[in-house]
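Please keep the sequence and the model in view while reading.

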Amino acid sequence: MKNYTITVNGKSYDVSVEEKGASASAAVAAPVAAAPKPAAPVSNGTQGSLRIEAGAQGKVFKIAAAPGTKVKPGDPIVVLEVMKMETPVVAPKAGTVVSIECKEGDPVDTGDLLATMNED
């Protein structure tokens with residue numbers, strides 16, 4: 001049994017996953033090397049007052065809003081692939097996206113800066 005803590009939209013959940021079969025044991029026993037994290041994209045020097053951060057470790061699947069886009073609370077800004085599931089990272093308030101600090105395919109850790117925005 002493996003125990004994990006998963007954070008979704010800022011709320012943490014404790015999850016237990018049971019492994020079954022010989023193939024699961026073999027896969028868990030093999031060491032996994034983490035891929036090196038590429039350098040962060042170069043910011044244009046302009047950032048908004050609200051930070052949009054990754055709520056979980058994963059990979060940037062899609063950029064849903066470009067700088068200059070007006071968003072409402074709940075509108076997706078970036079979509080992450082977390083545990084093979086598409087997980088939108090949404091605007092916390094109404095405002096305008098100022099910068100996107102990642103690109104599609106980038107690996108991200110919990111708390112990494114994905115975008116910034118200004119509140120309307």
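Arg51 forms a salt bridge with Glu53, and the closest N and O atoms of the pair are 2.9 Å apart. The term salt bridge denotes a side-chain nitrogen of Lys or Arg within 4 Å of a carboxyl oxygen of Asp or Glu. Glu53 counts as partly exposed because its relative accessibility is 36%; buried means under 20% relative accessible area, exposed over 50%, and partly exposed in between, with a 1.4 Å probe and protein chains only.

The model is a predicted one, in which local features need pLDDT of at least 70 and side-chain atom pairs count only at pLDDT 80 or more, while totals for chains, interfaces and linings use all residues. Residues are numbered from 1 along each chain as its sequence is written, and side-chain values use heavy atoms, with hydrogens and water left out.

The structure holds four salt bridges. Another of them brings together the side chains of Asp120 and Lys70, at 3.9 Å from N to O. This pair links distant parts of the chain, since Asp120 lies in the segment after β10 and Lys70 in strand β5 (residues 70-71), 50 residues apart. Both Asp120 and Lys70 are exposed. A further salt bridge joins the side chains of Lys93 and Glu119 at 3.7 Å, N to O. Lys93 is in the loop between β7 and β8 and Glu119 is in strand β10, so the pair ties together parts that are 26 residues apart in sequence. Lys93 is partly exposed, with a relative accessible area of 36%, and Glu119 also counts as partly exposed, at 45% relative accessibility.

The strand names used above belong to an overall plan. The protein has one helix and 10 strands; helices (H or I, at least four residues) and strands (E, at least two) are DSSP runs, numbered from the N terminus. Read along the sequence, these elements follow the pattern β-β-α-β-β-β-β-β-β-β-β.

How are some of these strands arranged? Strands of a sheet pair through backbone hydrogen bonds, either parallel or antiparallel. Here, four strands form an open sheet in the order β7-β6-β4-β9, with antiparallel pairing; two strands pair if DSSP finds at least two bridges between them. The edge strands, each pairing on one side only, are β7 (85-90) and β9 (107-108).

β6 and β7 form a hairpin with two residues between them, and Met83 in the turn has a positive phi of about 50°. Next, four bridges join β4 to β6 in antiparallel fashion, with Lys59 opposite Glu81 in β6. Finally, two bridges join β4 (residues 58-63) to β9, where Lys59 stands opposite Pro107.

At 8% relative accessibility, Asp106 counts as buried. A polar atom of the Asp106 side chain lies 3.0 Å from the backbone nitrogen of Lys103.

The largest nonpolar core has 20 residues, of which Ile77, Val78, Leu80, Leu114 and Met117 touch the most other members. A nonpolar core is a set of buried Ala, Val, Leu, Ile, Met, Phe, Trp, Tyr and Cys residues joined through side-chain atoms within 4.5 Å. The elements that give two or more residues to this core are β3 (50-53), β6 (76-82), β8 (95-100) and β10 (113-119), and the largest share, four residues, comes from β6. β6 is also mostly covered, with five of its seven residues buried.

Leaving aside neighbours within four places in sequence, Leu80 is in contact with residues including Ala54, Val60, Phe61, Met85, Val89, Val108 and Leu114, where contact means heavy atoms within 4.5 Å.

Some totals complete the picture. Of the contacts in the protein with a separation of 6 or more, 57% are between residues 24 or more positions apart. Of its 120 residues, 25% count as buried. The accessible surface of the protein comes to about 7,800 Å², and 56% of that belongs to carbon and sulfur atoms; accessible areas come from the Shrake-Rupley method with a 1.4 Å probe, and for residues only the protein chains shown count as cover.

Key
Polar contact = N/O pair within 3.5 Å; in protein donor to acceptor, adjacent residues only side chain to side chain.
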